[in-house]
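Here's a quick briefing to read with the model open in your viewer. Keep the sequence handy too, and hop between the topics as you like.

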Amino acid sequence: MKDIETLLLEYGPFLVFLNVLLEQAGLPIPAYPLLVVAGALVLHGDLPWAVTLAAAVLACLIADAAWYAGGKRFGSGLLNTVCRVSISRDSCIRQTQSLYWRTGPRILLVAKFLPGASALSTVMSGFAGLRFRSFLAYDAAGSLIWAGSALLIGIAFNDMVGDILDMLSDYGVYGLVAIAVVLAGYLAYRWARRKRTIRRFAHVRRVTLDELDEMQAQGCVPVLLDVRAGGDAPLPGAIVVDPRGPIAKEQWPMDAHIVVYCACPEEISAAVLADRLLRAGYRNVSALAGGYNAWVARQQAAQAGADASLDATASASARATGG
């Protein structure tokens, strides 16, 4: 593990920049330990502290700006994609949105200290429409705090850092194997737990958007419940609710058709509320298959079709006028 120190001495701030950039881009390459070692080398005069800190902050800003642009362009679709690496994808989406709506861009000041929260928070910043100037200010401050704290730890505990590097050099392989075994066991447990959750709510009926349209065409106007955190731009007539909040008896007629939707994989959050409503005595409760994302995709497809039709009409008119 002394190779880390050797690489830092050879490549200096460039190695810091590359490691931080790759980690913030989403690769599982931890950069904080490298920054701690860099801090110890800064104390001994082997690395320039200002250039090293600037390299780390610049790498954060480049990666985070890309996540921000993706969130602004692709919205909840990118958030859903990022959360797919999580074992609890549905709770990942809801908790990320809920946390951001409660704290706003201030979450960017500490997001890099929270596992998995950095990319999600920057995506949410773009999705929520935060001005780029404000995003850049908060993100730069958070990056400075994160990278600066690692360098300060390396400076304050430089002797201990050297001892740890020596120990890792002697026993590092065994430690990595032990960590890999524990991590594999944890992932297997979470995967099995998720599968149990999906099976637990498999009895909740799913309705498609076409079936929802058919219900409305037949004069049956269902109660639409939106369980997304924030509930921005809901389906027409939808009511925003907390899927784990209290359920009032006879809040709606017990035989009312209720359709719950979320923006999460396998409609888990919607199924959770639907199951609670069924157990409370409501008889016609369903979850919307595909959820909010399916509705947005259909709206976008319809808009694209309308635009194509208008373009075709304009082209035909132009040809007729020219003829």
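In this predicted model, Val-260 sits across from Ala-287, a residue of strand 5. Strands 4 and 5 run parallel and are joined by 4 bridges.

**The nonpolar cores**

- The largest nonpolar core counts 23 residues, and those with the most contacts inside it are Leu-225, Trp-252, Ile-258, Val-260, Leu-277, Tyr-282 and Val-285.
- Two or more residues of this core come from each of strand 2, strand 4, helix 11 (268-279) and strand 5 (284-288).
- Helix 11 gives the largest share of this core, with 7 residues.
- Another core lies apart from it and has 22 residues, including Val-37, Val-42, Val-57 and Ala-147.
- As background, nonpolar side chains in soluble globular proteins tend to be buried together.

**Aromatic pairs**

- The model has 8 aromatic pairs.
- Take Tyr-32 and Phe-113: their ring centres are 6.5 Å apart and their planes meet at 70 degrees, so this pair is edge-to-face.
- That pair bridges distant parts of the chain, with Tyr-32 in helix 3 (residues 32-43) and Phe-113 in the loop between helix 6 (89-103) and helix 7 (117-127), 81 residues apart.
- Tyr-32 counts as partly exposed because its relative accessibility is 22%, and Phe-113 is likewise partly exposed, at 38%.
- Tyr-68 and Phe-132 make a tilted pair, because their planes are at 55 degrees, with ring centres 5.4 Å apart.
- This pair links distant parts of the chain as well: Tyr-68 is in helix 4 (residues 49-74), Phe-132 is in helix 8 (residues 132-156), and 64 residues separate them.
- Is Tyr-68 buried or exposed? Tyr-68 is buried, as its relative accessible area is 5%.
- Phe-132, for its part, is partly exposed at 40% relative accessibility.
- Ring pairs also tie Tyr-32, Phe-113 and Trp-146 into a cluster.

- Arg-228 lies over the face of Tyr-292, 3.8 Å from the ring centre.
- Ala-294 belongs to helix 12 (residues 291-322) and is partly exposed, with 25% relative accessible area.
- How far apart are Ala-294 and Ala-263 in sequence and in space? They are 31 residues apart in sequence and 8.9 Å apart in space, taken C-alpha to C-alpha.

- An unreviewed UniProt entry puts the feature "transmembrane region" at residues 25-43, 50-70, 107-128, 135-156 and 171-189.
- In the model, residues 25-43 are 63% helix and 0% strand, and the end C-alpha atoms of that span lie 29 Å apart.
- Residues 50-70 are 100% helix and 0% strand, with 30 Å between the end C-alpha atoms.

- The protein chain has an average pLDDT of 82, and 83% of the residues score at least 70.
- Which elements have the lowest and highest mean pLDDT? Helix 6 has the lowest, at 69, and helix 8 has the highest, at 94.

Notes:
Residues are numbered from 1 along each chain as its sequence is written. This is a predicted model: local features need pLDDT of at least 70, side-chain atom pairs count only at pLDDT 80 or more; totals for chains, interfaces and linings use all residues. Side-chain values use heavy atoms; hydrogens and water are left out. Rings of Phe, Tyr and Trp (its six-membered ring) pair if their centres lie within 6.5 Å; planes under 30 degrees apart count as stacked, over 60 as edge-to-face and the rest as tilted. Buried means under 20% relative accessible area, exposed over 50%, partly exposed in between (1.4 Å probe, protein chains only). A charge sits over a ring if NZ of Lys or CZ of Arg is within 6 Å of the ring centre and within 35 degrees of the ring normal. A nonpolar core is a set of buried Ala, Val, Leu, Ile, Met, Phe, Trp, Tyr and Cys residues joined through side-chain atoms within 4.5 Å. UniProt positions are given in the numbering used here, feature names are shortened, and annotations may be inferred rather than shown by experiment. pLDDT is the predictor's confidence in each residue, from 0 to 100. Two strands pair if DSSP finds at least two bridges between them.
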